[in-house]
Amino acid sequence: MPANIPPLSSSTPDGAFLRLLNVLDTLRTQCPWDKKQTMETLRHLTIEETYELSDAILEGDMQEIKKELGDVMMHLVFYARIADEQSEFNITDVLNGVCDKLISRHPHIYGDVEADTEEQVKRNWEKLKLKEGNKSVLAGVPTSLPALVKASRIQEKARGVGFDWEEKQQVWEKVEEELQEFKDEFNIADGKEINIEKAEGEFGDLLFSLVNYARFIDINPENALEKTNKKFIKRFQYLEEKAKANGKALQDMTLAEMDVYWNEAKKL
């Protein structure tokens, strides 16, 4: 027999959340696909959903953001349901745990610690994490983060305990220093053979310094690069469409011919 469809809840968050729990309980016990899922099988799907949410945020599409938030929320509840089946923890433990952490990490709100600026809050946060047992300030940076995001998080963590440049001009000087070192040693114009492993290391230093400067001027490097990716894709697809409309194949066109369409796309 078909399962009874849980009615639309009231407009309160607790009612809607209970409806999600009821739906997932039904799916977990009656749907062949949902029955088979484990934390491991859900993991890559959760990563995909998180990136879809990220895309929606960058596009500024509020309806898509709402939809993707629901997908992510469903995954979080699913993990808690699996853990509950294994008698490890349940969704109540998860929610109480994060509430307890937020309260303990905000003593300037729930205690008598003073923190009037964002920087003071961040420093208190890192000190509290060390007191809670973290062996390193950087221990909280996930090893599987994409490298660009990881570089930014590493720098933010170090800044939280005072390990940082004092002025943005110092950071820019470091960028110029790394760029010059890279150019001097790996300039392809001089025809010398390049040590790829060493070049890779120097290029990494240059990228790390650029991420550092972006942080000093309040630019999120991951967002900045992704917006450039999207811009390039739109312009390149315009180029493809115009070439096709004129009966041409890109591989048969000269770079100068392609540049005509590319410049048109830039104006758009």
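Thr143 counts as exposed, because its relative accessibility is 73%, and exposed residues are those over 50%. In this predicted model, Thr143 is found in the loop between helix H7 (118–131) and helix H8. Its C-alpha atom is separated by 35 Å from that of Asn22, and the two residues stand 121 residues apart along the chain.

When residues up to four places away in sequence are not counted, Lys157 touches Glu126, Lys129, Val137, Leu138 and Val141.

Helix H8 also takes part in a helix pair. Two packed helices are described by the angle between their axes and by the distance between those axes. For H8 and helix H11 (residues 221–245), the angle is about 155° and the axes are 9 Å apart, which means that H8 is roughly antiparallel to H11. On the H8 side the contact is made by Leu148, Val149 and Ser152, and on the H11 side by Pro221, Glu222 and Leu225. Sorted by class, the residues of this contact of H8 with H11 comprise 4 nonpolar, 1 polar and 1 charged.

Taken by class, the contact of H3 with H4 divides into 13 nonpolar, 3 polar and 6 charged residues.

The largest nonpolar core has 9 residues, namely Leu21, Leu24, Leu42, Val77, Phe78, Tyr79, Ala80, Ile82 and Ile91. Helix H1 (13–30) and H4 are the elements that give two or more residues to this core, and the largest share, 5 residues, comes from H4. Ile91, one of the core residues, is in contact with Phe17, Leu21 and Ala80 when its neighbours within four places in sequence are left aside. There is also a second, separate core of 7 residues, which includes Met253, Met258, Tyr261 and Trp262.

A further helix pair is formed by helix H9 (residues 168–185) and helix H10 (residues 196–216), whose axes come within 9 Å and cross at roughly 160°. H9 and H10 are therefore roughly antiparallel to each other, and H9 passes H10 in a left-handed crossing. From H9, the contact draws on residues including Lys168, Val171, Trp172, Val175, Leu179 and Phe182, and from H10 on residues including Ala199, Phe203, Leu206, Leu210, Tyr213 and Phe216. By class, the contact of H9 with H10 has 11 nonpolar, 2 polar and 8 charged residues.

Technical notes: Residues numbered from 1 in each chain as written. Predicted model: local features only at pLDDT ≥ 70, side-chain atom pairs only at ≥ 80, totals over all residues. Heavy atoms only, no water. Contact = heavy atoms within 4.5 Å. Nonpolar A, V, L, I, M, F, W, Y, C, P; charged D, E, K, R; others polar. Core = buried A, V, L, I, M, F, W, Y, C linked by side-chain atoms within 4.5 Å. Buried < 20%, exposed > 50% of the residue type's maximum accessible area, 1.4 Å probe, protein only. Helix = DSSP H or I, 4+ residues; strand = E, 2+ residues; numbered from the N terminus. Axes fitted to C-alpha atoms, helices over the stretch in contact; angles between N-to-C directions. Parallel < 35°, antiparallel > 145°, perpendicular 65-115°, else oblique. Left-handed = near helix turned anticlockwise from the far one by under 90°.
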